[in-house]
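Q: Can we walk through this model together? I'd like quick answers, one topic at a time.

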Amino acid sequence: MLNNFNQNLIQENDHLIVAVSGGIDSMVLLDNLIQLKKAKALKISIAHVDHHKRDDSFKDADFVKNYEKKNQLDFYLYHLKDKDYHNFHDYAHKKRYDFFVDVAHQSDGNKIVLAHHLDDLAETIMMRLVRGSSFEGYQGMNEKTTYQSINIIRPMLFVSKKEIIAYQKENNIEYREDASNQEDDYTRNRYRHHIMPLLEKENPQYLDKMKQFSTYISKAYD
């Protein structure tokens, strides 16, 4: 298991709807959940969204579906084809969450599991500090939230990307690499590629400081 993977977010007999893109983060998340499956009598369903932003995006769906077959999990697929929608990022975000909730309702799932990690948290905080947000928004993300009355959990939220990469290599976990992650078209990618490395250079422990900042804001908001 990953260090800092929050098992306390998962109870016995939970039916988890796991958002799986096929990338390294979600595949490592899925591997950790499968390790808990027997011990906690979990039911795990995979939810995959094909955004059709790349010509070969169908290969991601095929990869995830093959993994589902090997591990005898339920699989749900959603095709998001509105490529030219204004502000596609926000539109796709809402569509994904609505799809996860629909899957939960269809299958009697009680929790949606997302693969957000500590680097995602730090990036979100920085983006909101720059563009502005509500006081609550400066928390970045929480380990547990709700959307349309369904619990959403992020058990890897305090796990760093470096830890995820090390775990993947040590356990030989297969995953798909999305080439668009290397481009600077999206705001998050620009922060990830250019701003966050500067912060790490200034303070190698910056992720811990971002986590601390998020915790302070959360407590103050409460």
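Q: Is Asn13 buried or exposed?
A: Asn13 is exposed, because its relative accessibility is 59%. The cut-offs are under 20% relative accessible area for buried, over 50% for exposed and partly exposed in between, with a 1.4 Å probe and protein chains only.

Q: Before we go on, what sort of model is it?
A: It is a predicted model: local features need pLDDT of at least 70, side-chain atom pairs count only at pLDDT 80 or more, and totals for chains, interfaces and linings use all residues. Residues are numbered from 1 along each chain as its sequence is written, and side-chain values use heavy atoms, leaving out hydrogens and water.

Q: Back to Asn13. Where is it?
A: Asn13 sits in the segment before E1. Its phi is near 70 degrees, a positive value in a residue other than glycine.

Q: What about phi of Ala41?
A: Ala41 has a positive phi of about 55 degrees, and it is not a glycine. Ala41 lies in the loop between H1 and E2. Its relative accessible area is 41%, so Ala41 is partly exposed.

Q: New topic: the core. Which residues have the most contacts inside the largest one?
A: Val18, Leu33 and Met156. That core has 30 residues. A nonpolar core here is a set of buried Ala, Val, Leu, Ile, Met, Phe, Trp, Tyr and Cys residues joined through side-chain atoms within 4.5 Å.

Q: Which elements give two or more residues to it?
A: Strand E1 (15-19), H1, strand E2 (43-50), helix H2 (57-71) and H5. H1 gives the largest share, seven residues.

Q: And what does Met156 touch?
A: Leaving out residues up to four places away in sequence, its contacts include Leu2, Phe5, Val28, Leu29 and Ile164. Contact means heavy atoms within 4.5 Å.

Q: How do H1 and H5 pack?
A: H1 (residues 24-37) and H5 (residues 161-171) pack at an angle of about 65 degrees, with axes 10 Å apart. That makes H1 roughly perpendicular to H5. Angles under 35 degrees count as roughly parallel, over 145 as roughly antiparallel, 65 to 115 as roughly perpendicular and the rest as oblique. Axes are lines fitted to C-alpha atoms, for helices over the stretch in contact, and angles run from 0 to 180 degrees between N-to-C directions.

Q: Which residues meet there?
A: From H1: Ile24, Asp25, Val28, Asp31, Asn32 and Gln35. From H5: Lys161, Ile164, Ile165, Tyr167 and Gln168.

Q: How do H4 and H6 cross?
A: The axes of H4 (residues 118-131) and H6 come within 10 Å and cross at roughly 100 degrees. H4 is therefore roughly perpendicular to H6. The contact includes Thr124 and Met127 of H4, and Arg188 and Tyr191 of H6.

Q: Is Thr124 buried or exposed?
A: Buried, because its relative accessibility is 4%. Thr124 touches Gly140, Met141 and Arg188, not counting residues up to four places away in sequence.

Q: Last one: Asn189. Where does it lie?
A: Asn189 is in helix H6 (residues 187-202). At 6% relative accessibility, Asn189 counts as buried. With residues up to four places away in sequence not counted, Asn189 touches Ser180, Asn181, Glu183 and Asp184.

Technical notes:
Helices (H or I, at least four residues) and strands (E, at least two) are DSSP runs, numbered from the N terminus.
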